[in-house]
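This report describes a single protein chain.

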Amino acid sequence: MNPFHYFGRLWQFIVGAAKEVFMRILLTICLFCGYVILSMIIYAAVRHILVPRKTHVLPVHLMFNPSCQEGTSLPPPRYTNDFIAPTMPPPLSYPSPLYCTYPFAEFYLSDGKRLLSPGHFYTITVELDLPESPENSQIGMFMVNLTLYSYTGGQIAASIKPTILRYKSSLLQIFSTIFYSLPLILGLTEERQKQSIVMFDDYQEPFTEGSIYARVTILSHKIQLYNVELTFDAIFSGLAYYLYYWPISMTAIIVSGIFFSFIAVTLMMWARRALERWNRLARRRRYSGQRMQLRAPELAPIHEEEEEEEEEERRGRNEGHVE
């Protein structure tokens, strides 16, 4: 045998085997990376659905009639049944000079879109920033009203809650002013209080008509305010709670679970394909064996006839030798 021919065939075999191994490794790496990316995409989609934005803080700009010192009635809501387009706000209902109103604000929660995720629970709070003035101390308890409206102008939810400035005695105010005199003079601190009034502690955003419009009313004509904010704080429970407060651990667990699920499905498909191939080979072998068994009886008489002919020829030869 030519040695060059032998080594040439050996080299072709080695190169073919190396190509096959390389292609299998490359396919495995691509499959691995694809499963990792797909698992992360699925996790991101699930997190986006289950975990909305935690907190929304909206500024509240109050309006009132400065010429009125007292009043007993509230301005009617500016929403009407004819209002349809949320991107085209209706005219602002400014207080009439002949109509005394409480300080109120009407505003959209977002620009024509739903701010809150449907089906999720929220804690809705009105944050009041009040100066510790004698006027606010003399007001005593006052009410805060919050009303949420839908796209069509229907009322979704309403709440009214009381609040009061925290009490400080005259002696405490004197000592507090003396103690904080230097920071007060330098402007590092101010004599102010922040009130957080929880209007809804478990408000659930409906699926059909979401809240896109809000009205905040302070039921006091003489109230003095620095700033007012409306806060929506999402309440997480179940899987959403762990996704939000344990993001790294849950990411590793869920992505790994999805990835190994894909691997398990792939292995099951490969095993099924290998089993089908093995069954196909077994059926071929069994079919070949059955064909041989069927041909055996037909071949047996042929062998017997040949043996008889050989026996007769042997006898004839023996008789010839005897003569």
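Phenylalanine 13 is located in helix α1, which covers residues 3-50. Helices are DSSP runs of H or I with at least four residues, strands are runs of E with at least two, and both are numbered from the N terminus.

Leu10, Trp11, Phe13 and Ile14 make up a nonpolar surface patch of about 470 Å². Patch members have over 30% relative accessible area and no salt bridge; like charges are joined within 9 Å, and nonpolar side chains (Val, Leu, Ile, Met, Phe, Trp, Tyr) within 5 Å. Accessible areas are from the Shrake-Rupley method with a 1.4 Å probe, and for residues only the protein chains shown count as cover.

## Basis of the model

The model is predicted: local features need pLDDT of at least 70 and side-chain atom pairs count only at pLDDT 80 or more, while totals for chains, interfaces and linings use all residues. Residues are numbered from 1 along each chain as its sequence is written, and side-chain values use heavy atoms, with hydrogens and water left out.

## Overall make-up

The chain contains six helices and eight strands. Their order along the sequence is α-β-β-β-α-β-β-α-α-β-β-β-α-α. The chain has 323 residues, of which 27% count as buried.

Among contacts with a separation of 6 or more, 84% join residues 24 or more positions apart; a contact means heavy atoms within 4.5 Å.

## Salt bridges

Six salt bridges are found in the whole structure, each defined as a side-chain nitrogen of Lys or Arg within 4 Å of a carboxyl oxygen of Asp or Glu. One of them joins lysine 54 and aspartate 233, with an N to O distance of 3.5 Å. Lysine 54 is in the loop between α1 and β1 (55-59) and aspartate 233 is in strand β8 (residues 227-235), so this pair ties together parts 179 residues apart in sequence. Lysine 54 counts as buried at 18% relative accessibility, whereas aspartate 233, at 27%, counts as partly exposed.

Arginine 192 and aspartate 129 form another salt bridge, with their closest N and O atoms 2.3 Å apart. Arginine 192 belongs to strand β6 (residues 192-204) and aspartate 129 to strand β3 (residues 121-131), so the pair ties together parts 63 residues apart in sequence. The arginine 192 side of the pair is partly exposed at 32% relative accessibility; aspartate 129 is buried at 8%.

## Helix α6

Helix α6 spans residues 247-322 and includes arginine 277. Arginine 277 is partly exposed, at 47% relative accessibility. A positive surface patch consists of Arg273, Arg277, Arg280, Arg283, Arg284 and Arg286.

Arginine 272 and glutamate 276 form a salt bridge at 3.5 Å, N to O. Both residues are in helix α6, four residues apart, about one turn of the helix. Arginine 272 is exposed at 60% relative accessibility, and glutamate 276 is partly exposed with a relative accessible area of 37%.

Phenylalanine 262 is also in helix α6 and is partly exposed, with a relative accessible area of 22%. Beyond residues up to four places away in sequence, phenylalanine 262 touches Tyr35, Leu38, Ser39 and Ile42.

## Asparagine 136

Asparagine 136 lies in helix α2 (residues 134-139) and is buried, with a relative accessible area of 3%. Leaving aside residues up to four places away in sequence, asparagine 136 touches Leu130, Pro131, Leu165, Lys222, Ile223 and Gln224. Its C-alpha atom is 8.8 Å from that of isoleucine 164, 28 residues apart along the chain.

How values were computed. Lys, Arg positive; Asp, Glu negative; His and termini not counted. Charge placed at Lys NZ, Arg CZ, Asp CG, Glu CD. Buried < 20%, exposed > 50% of the residue type's maximum accessible area, 1.4 Å probe, protein only.
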